[in-house]
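Hi,

Here's the structure I said I'd pass along.

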Amino acid sequence: MTADISSSSRATLTLAAAIERWPIDGAFTIARGSKREAVVVVATVSDGALIGRGECVPYARYGETPEATVADLNGVGPEIDPATTMRELAGAAARNALDCALIDLEAKRRGVRVHNLYGLSARQPVLTCYTLSLDTPEAMAAKARGVPHLPLLKLKLGRDGDVERMRAVRVARPQARLVADANEGWTADTVETLLVEAAAQGFELIEQPLPTDADSILESIRHHVPVCADESAHDAASIAGLMGRYDAVNIKLDKTGGLTAARLMADAARAHGLAIMVGCMVATSLSMAPALLLAADADWVDLDGPLLLAKDRPNGLVIRDGWIMPSEPALWG
């Protein structure tokens with residue numbers, strides 16, 4: 001089921017997009033590299049009286065750039081037809097920003113919260129992972145000790161020394177729930193040994209251990225810990241291809257092309273018996289708020305983007321001890 005934006009489609013809508021840069025608190029490091037700011041694109045849709053906003057993170061891993069995404073969005077012209085424009089946009093990030101902006105606008109036009117558009121009950125707080133950037137075992141353990149109030153930690157792995165990283169964080173936080181993301185950094189020779197170690201340290205999930213073009217080996221090894229697809233799965237159509245290789249899937253709006261497509265992907269994942277993580281890129285609360293609509297039914301939630309920033313946008317999400325409160329209308333939806 002998708003939100004009905006037909007009333008918006010009968011109005012004259014204008015679309016504008018711009019790049020924003022949000023400094024990260026320190027650095028965010030994964031197996032593919034490091035960055036010190038979140039570069040996002042914000043789409044604004046207006047009917048002349050009200051505006052809706054959507055935020056996306058164009059990701060180089062998928063051949064996207066902020067500049068190309070802005071050009072994609074602004075290139076459709078000052079007046080848009082929602083259905084046609086969504087089909088014509090080239091990038092998934094661009095479609096995400098527009099889809100979320102249209103849904104935000106429709107909620108405002110109807111004077112209801114976004115969950116009412118979908119016939120859902122009011123949203124409740126959800127527990128998010130808190131991500132520990134890839135670093136030395138000692139540094140990651142120190143970071144883990146420094147957030148004793150956060151009960152669910154996600155380790156970025158994918159380089160030599162991952163055994164020591166997992167052990168160090170477990171010693172630092174013996175009671176914490178742990179998941180990890182290898183960002184395609186493990187190999188056919190190491191993956192099973194590292195999964196055994198992850199099980200020994202009580203990890204609940206390992207995300208994308210192998211490159212997308214080498215993950216067929218997951219069909220022939222024992223999953224000592226459930227394995228979650230990220231880079232290997234983008235939309236509902238990709239779910240069937242995960243069977244036999246993965247136990248779960250990470251659904252990100254920037255991969256699916258928006259909340260509407262993400263809901264379809266979640267339905268497909270459940271139909272195939274896969275567990276669900278709702279994830280994010282590093283971004284502001286405006287990116288996280290639409291994803292919260294999926295989070296209530298997810299097995300793991302990883303929407304900690306605002307916690308990784310030096311400063312969030314006004315009216316941002318309230319996160320207490322890892323629990324994300326429902327968004328306010330002033331932010332989105």
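Helix H4 runs over residues 92–110, which makes 19 residues. From first C-alpha to last, H4 reaches 27 Å, close to the 27 Å expected at 1.5 Å a residue. Keep in mind that this is a predicted model. Just after H4 comes Gly 111, with a positive phi of about 70°.

Next, the cavities. Searching the whole structure turns up one cavity of 30 Å³ or more. The largest cavity holds about 80 Å³ of space, and 13 residues line it. Which of them lie nearest its centre? Those are Leu 253, Asp 254, Gly 279, Cys 280 and Ser 287. Two helices, H9 (253–256) and H11 (285–295), each supply at least two residues of that lining, and H11 gives the most, with three.

Last bit: aromatics. The count comes to one aromatic pair. Tyr 59 and Tyr 62 make it up, edge-to-face, at 5.5 Å centre to centre and with 70° between the planes. Is Tyr 62 buried or exposed, or in between? Its relative accessible area is 22%, so Tyr 62 counts as partly exposed; buried would mean under 20%.

Cheers

Definitions and conventions. Residues are numbered from 1 along each chain as its sequence is written. This is a predicted model: local features need pLDDT of at least 70, side-chain atom pairs count only at pLDDT 80 or more; totals for chains, interfaces and linings use all residues. Side-chain values use heavy atoms; hydrogens and water are left out. On a 1 Å grid over the protein atoms alone, a cavity is a set of points where a 1.4 Å probe fits but cannot get out, and a pocket is an open set with protein on both sides within 12 Å along at least five of seven lines; lining residues have an atom within 4 Å of a point. Grid points are joined across faces, edges and corners, and a volume is the space filled by probe spheres set on the points. Helices (H or I, at least four residues) and strands (E, at least two) are DSSP runs, numbered from the N terminus. Rings of Phe, Tyr and Trp (its six-membered ring) pair if their centres lie within 6.5 Å; planes under 30 degrees apart count as stacked, over 60 as edge-to-face and the rest as tilted. Buried means under 20% relative accessible area, exposed over 50%, partly exposed in between (1.4 Å probe, protein chains only). The expected span of a helix is 1.5 Å times one less than its number of residues.
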